[in-house]
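Please consult the sequence and structure shown below while reading.

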Amino acid sequence: MGAMMGGGVGLTIGFIFGSYSILRNGSGPRGLLATLSQYMLSSAATFSFFLAIGSVIRNDALLPPHIEAARLQLLPPLVRSKAEGAMLVRARWDAERARRTTA
């Protein structure tokens, strides 16, 4: 996904900067279309490369991002045993059942 987004951004930026360069300096011996396409493709390749690396680094977790965020937000920083964790889960389930029956 990062590579596709980077490619789109790179094509747009390449078009803008390439058009400006051609208007300012001329198209050169290769022609208008070849010069503009070189600007666009090189910019798209650069942006897509870096955004692809960024998306891989960002999504390097074992858990999906929403579960990881919930885990980091809800759990205290201390480590608990399995028995304590099971008691907490049962207490939360009981509280949820009690809340549903009263509502």
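Arg99 and Glu96 form a salt bridge (a side-chain nitrogen of Lys or Arg within 4 Å of a carboxyl oxygen of Asp or Glu), with their closest N and O atoms 2.5 Å apart. The model is predicted: local features need pLDDT of at least 70, side-chain atom pairs count only at pLDDT 80 or more, and totals for chains, interfaces and linings use all residues. Residues are numbered from 1 along each chain as its sequence is written, and side-chain values use heavy atoms, leaving out hydrogens and water.

**Salt bridges in helix H4**
- Three salt bridges are found in a search of the whole structure.
- Glu96 and Arg99 lie three residues apart in helix H4, about one turn of the helix; helices (H or I, at least four residues) are DSSP runs, numbered from the N terminus.
- Arg100 also meets Glu96 in a salt bridge, at 3.2 Å from N to O.
- Shared partners join Glu96, Arg99 and Arg100 into one network of salt bridges.
- Asp94 pairs with Arg97 in a salt bridge, the closest N and O atoms being 2.9 Å apart.

**Accessibility**
- Arg99 counts as exposed because its relative accessibility is 53%, where exposed means over 50% relative accessible area, buried under 20% and partly exposed in between (1.4 Å probe, protein chains only).
- Glu96 is partly exposed, with a relative accessible area of 28%.

**Ser48**
- Ser48 lies in helix H2 (residues 32-58).
- Ser48 counts as buried because its relative accessibility is 17%.

Notes
Helix = DSSP H or I, 4+ residues; strand = E, 2+ residues; numbered from the N terminus.
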